[in-house]
Amino acid sequence: MVGEKRRSTSKNLAKNKKRKGPHLPNSILKTIANEKRPLNSDEEDDEIDSDDANVDLYEYEEGVPEEESRKNNRYDPVVNYDYELPEDFEDENVESDDDDEGGNSDNEEGEGDVVRHTRMLQAVTGMPSAAFDGESKRKPVLFTEAYPESEFNPTRDVLEGKGLLTIDDFMAPIEGKPGFNDLQKRISRMQKDTQAVVHAPLPKPERERLERKAVKGLVDKEFNKWVHMVKRNREAPTVYFNQNVSLGYSTVGAIASEFQPRTDFEKKMASVLNDNELGEAHDEDGAKLLELNEVSVEDHIKYRDHIAKMRSLLFRHELKSKRIKKIKSKTYHRLKGKDLKKSAMGALMDPEMAKEEAMKQEARRVEERMTLKHKNTGKWAKRMISRGLNVKYDGTRAAISEQLQINATLSRKMNSTNDGSSSDESDDEEELNDGSDQDTPSKLIAKAREKTLKTVEDDEVPNSGLLSLPFMARAMKKKNEEAIEEAKRALEEYEEWENSGGEENSKKTADVSGRRVFGATAKVEAPKESRKDSDNFYDNSDSDNDMEGIENNDLRAVRDTASPVRNTGAITETEFDDDIENPASKTTFDVALFASGSWKKMKGCQNAETKKKTKKHVPYSKSQDKKESRDEESEDSESEAEQMVDGILTSASKETYEIPSQAELIQRAFAGDDVVDEFEKEKQEVLNQEVPEPEKPVLVPGWGQWTNIQKKRGLPSWMVREHEDAKKKRTLDLKTRKDARLRHVIISEKVDKKAEKLHTTTLPFPYTSKEVFEHSMRMPIGPEFNPATIVGSLNRPEVVKKAGVIIKPLKFEEANPNEKVDDEHPRSNQKQNPKKGGKTGKGQRKGKSKQKTKA
Amino acid sequence: MKIKTLSRPVDEYTRERSQDLQVVFHNFDPSLRPMEKAVEYKRALTAAKLEKIFARPFVGAMDGHRDGVSCMAKNPNYLKGIFSASMDGDIRLWDISSRRTVCQFPGHQGAVRGLTVSTDGNVLVSCGTDCTVRLWKVPRPTLEDSSVSSENFIEPAAEYVWKNAFWAVDHQFEGELFATAGAQLEIWNHNRASPVQSFQWGTDSVISVRFNPGEPDILATSASDRSITIYDLRMSSAARRIIMMTKTNSIAWNPMEPMNLTAANEDGSCYSFDGRKMDEAKCVHKDHVSAVMDIDFSPTGREFVTGSYDRSVRIFPYNGGHSREIYHTKRMQRVFCVKYSCDATYVLSGSDDTNLRLWKAKASEQLGVILPREQKKHEYNEAVKNRYKHLPEVKRIVRHRHLPKPIYKALGIIRTVNDSKRRKEDRRRAHSAPGTIVTKPLRQRRIIKEVE
């Protein structure tokens, strides 16, 4: 019905459109009408009716020339419908097949007839012509005639014209008779009530088409409801299909209850277990159980014998242990204990024993090595082998192999122990050698002193045990003090020796004594103070001078020069370093540099002025390294050094020093290296490498040199030509290079085959830009490069499934309003949100955010 | 004063149990490992090579039929069971794990063309050219099946004779109905001797039918008039129909995307359609060189398997234009039916050489129990390979497949033909007024029209 209505409306549209159209001659119109018909009838024959014909064709307002319309007299003049349908009655024409089939109608009369007709009507009725305009205009009729006119094929005029009977004609005679009014009322009601008219059913194909249209919409709706799930699935990085796995039976009892015996054995078992007789016997008293529980005589005897045997063994063991326990001889027990200890366990228990054992083992090894007793060197073994008895008798062979085994084990272990001992020895030797290398008495003394110091330092009060008791601690303290005293004395003694032995050693002793708190002597005290002064001075200078570059360099140089002096001065370095802004490590590093003679390298970095000054100090450092004899005492050297330090600083402040300009500095810094030239050379090299120069053609010696003529001719022309070509080609190549005109640039055009492998020629499909593609491979995903917590998620495949788990098709779920808003039905979700999502905060938040966006 | 010290609390490195893995501390600073990308690339290459080495897809063949295998049906409720029917009317139930016949269902006089099992796995429906539909009770799977090879025969539970020969049958998902395809589409109930519904649109016979697993009342058919039609049982009417240039041999619905279906076409391609918009294929899956005879979706919905008249089985991604895998053996003849196992791990093919063949869905997959660490390793290899699959070296190894000579040659010919067509088209376009020659996109090219 819906479709029908739509059709009717479309027809209306068509009627409205009818007014316009090209002015075609009538003959063409006819042919059009003829052609249209079969097209329609091809699909649905039943559909065609006069009205459809009306719809399909154009309406012409102009009249058709009469001579043309009457050409073959086939089409009779017909007055158009004068029967006007109400507005909502149009559809009736669809069914009015009977009328139309019979009726011949045409509009061949054209406009002329219409005009005449209206004029006539006007004359008859006396109404203005405008009243009949609508009537005249709504005729889009073209009827073709299949058969000639006859009494069987009456014209439309006869059927619809003036002679047409209406209900009124029938009603007229009975007017005034009883029941007339009632009848008239009913008829008028019938005429008005168009809805009650039952239409003829639509043709089947048409009906089915309409049905399909409806079904299509429903099916689409049905499919659409899955969209959110499909979308979610497709967008998910991983889809899981291993989630709802029923593990079956979870308990042993459940499994057992389902157990069905299959094999013979199982069946036998089941038959016994499920035996009613047995069950009953259990339930009652067990008397019957005895009957069922028959045991064969043989089995019983066997079991009894076994028990008896075990018992007798136990008894014997008991007897033996009793007898041993009864023995009172201490020697016996001692020997027994020794035996026990000798075994591996014993050796493990007692370290003394172990040592002894090891010694013995060692002795055995040595003996073995000396004698080779077990290496078939024995008399017996020799004889056996010479006579071939070892091959003949198994026992002999076994004995010999056993001997060899013993030898092998002994010698193997021997090697390992030998290694250890030898290394120890070598260590000792090294130490001795060290001593002997620097055989100077001073060294020895230093060593002795160190050792004494160590002993002094090592004396620590233990925290626990007997020694931690107060009186013991006191005693220890006293002892320590004594020891320290002694050590001091010893040290002094060393000093004396040194002084007497050589002046060069004096410095060291002073140094050491200076470092230690307990060894603070008057000699050291004085320089310390002076040093502090200088320290202050350093501080000031540092804070004053904000010029970094050069000035700092100067200072460092000064410090460097000072540092060896400091060493000689025996000053606690830490104090000094704390005052200076630089950390201690740096200074010590500098010192190390200085001491190792790399000072010269550093010279390059420093200014000429400082160089000059530092040079003065170099000999000192060197002298220190080589341990050359000095002409001054340590004290003197110290003081001198101090003065020098002061001198440097003062001189630095006094001299008029001009800071060179930046350009000058750079020039100085890079004096001597011609960068541009170097670059050009480099570029030339690269060019030669990438576009190699052609080889000069060379004649093989002896070839073509037989005669003078040949010699005169020189190289064959083709060789020369080839060479020329190659040269030309090279110049061309060089010109076409990208960097041919860029003087300061080298653009390598060498294709790296290995790097080629790591590039794609085109951007792969899902990626839209190069950056995204490169980013996709940026971070590594391996377990070595990522924490274990995220490796799993980085490597997870798109589909996680488990073999053996049946995957069911998708089940429909309603869209969760708390999830992301679906693109398909955003509006409906919005409506639902306040209702459904009201429970959770998330939904509320979402609602709010939406309101915000709206605002 | 703050003193920096190295600390190593005992708790951090002590294992709770002796079986626990030792905790290893890593410094993940990328500056410490400058070569990580190179390392991973190398691993990807190795993984690709290993995949090739371990690619042994063929698990085994099941022989027993005396004629070409015409159709198969998988038991949706039991993984190990697969039904197959042959052209001589023989129906068998196979045990996949032992690859033996469990029982036979004798009775059909002519070729069996359709086979399907109800969702609960209790009823087997078969139909064939002898104009009968037979219902069988499926024997309960017991543990003895695999051990005892007794050939037992089963009598049909019901036998319905009808007017015309049948081409295909499919059972509704979780329902009582099944549909047969023959001269027309008919819907049957288990307990009725005649169809409860019948659909006819046009006069040509229907050659395949498939119910939608997600929407149990919607089904799709293909007919010999080259059409694909979607029906809705609730409205008892067709919904859509398209006419293609060539006939569609089989249809499969995507079980995870109920609106999408893929059609196996006679022209050697498969066409994925959206059921709501049939005038254009969503994707054209090309690779077969001859008619695609059967198609079945993986239960994951991400892949489908096709069997072709060119004696090969291929596995396609649901949204990819070309196949991921091709399976062939020297002895395998025309493939008439394929099935993806219910756990998406295996693929079965039945061919003209009377054999059923069992393949792994992923050629290099390790079967059996896999330890978690092993699993992780596999996953990592896969991920790394996937990441670098676009680089030439890896791509070459991953994509390479050995093809049988006939297929290789046919592919060459097809390529030549396509090239020349394209050339001709280009020239024609170049020499005619702009806009006069309109080329249809590939996805529409083989579709003639959508019928209202």
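This is a predicted model: local features need pLDDT of at least 70, side-chain atom pairs count only at pLDDT 80 or more; totals for chains, interfaces and linings use all residues.

Biologist: Let's start with B:Thr248. Why is B:Thr248 called buried?

Modeller: Buried means under 20% relative accessible area. B:Thr248 has a relative accessible area of 0%, so it counts as buried. It lies in strand E19 of chain B, residues 248-253. Leaving out residues up to four places away in sequence, B:Thr248 touches B:Ile207, B:Ser222, B:Ile228, B:Ala263, B:Ala264 and B:Asn265.

Biologist: And what makes the pair B:Thr248 and B:Asn265 a polar contact?

Modeller: The cut-off is 3.5 Å between N or O atoms, one able to donate a hydrogen and the other to accept it. The side chains of B:Thr248 and B:Asn265 are joined at 3.4 Å, so the pair falls within that limit.

Biologist: Why are B:Ser236 and B:Arg311 called partly exposed?

Modeller: Partly exposed sits between the buried limit of 20% and the exposed limit of 50%. B:Ser236 has 37%, so it falls in that range. B:Arg311, with 29%, is therefore partly exposed as well.

Biologist: What makes their phi angles worth a remark?

Modeller: Most residues other than glycine have a negative phi. Phi of B:Ser236 is near 45°, a positive value, and phi of B:Arg311, also positive, is near 70°. B:Ser236 lies in the loop between strands E17 (227-232) and E18 (237-244) of chain B. B:Arg311 has its place in the loop between E24 (303-308) and E25 (313-317) of chain B.

Biologist: How much of chain B counts as buried, and what is its secondary structure?

Modeller: Of its 452 residues, 51% count as buried. Chain B has seven helices and 30 strands.

Biologist: On to where the chains meet. How do you know that A:Glu222 and B:Arg234 form a salt bridge?

Modeller: The limit is 4 Å from a side-chain nitrogen of Lys or Arg to a carboxyl oxygen of Asp or Glu. Here the N to O distance is 2.9 Å between an Arg and a Glu, so the pair qualifies. The count between chain A and chain B is nine salt bridges. For residue pairs in polar contact, the count between these chains is 17, with both residues at pLDDT 80 or more.

Biologist: Which helix gives the most to the side of chain A that touches chain B?

Modeller: That's H12(A), with twelve residues. By class, that side of chain A has 28 nonpolar, nine polar and 18 charged residues.

Biologist: How many residues are in contact, and what area is buried?

Modeller: 55 residues of chain A are in contact with 59 of chain B. The two chains bury about 5,200 Å² between them, 62% of it on carbon and sulfur atoms.

Biologist: Last one: which residues of H13(A) are buried, and what covers them?

Modeller: A:Val227, A:His228, A:Met229, A:Val230 and A:Asn233 are the buried ones. Their cover includes H12 and strand E1 (239-240) of chain A.

Technical notes
Residues are numbered from 1 along each chain as its sequence is written. Chains are lettered from A and ligands numbered from 1 in the order in which they are written. Side-chain values use heavy atoms; hydrogens and water are left out. Contact means heavy atoms within 4.5 Å. Buried area is the accessible area (1.4 Å probe) that two parts lose on being put together, summed over both. Helices (H or I, at least four residues) and strands (E, at least two) are DSSP runs, numbered from the N terminus. Ala, Val, Leu, Ile, Met, Phe, Trp, Tyr, Cys and Pro count as nonpolar, Asp, Glu, Lys and Arg as charged, and the others, Gly among them, as polar. Buried means under 20% relative accessible area, exposed over 50%, partly exposed in between (1.4 Å probe, protein chains only).
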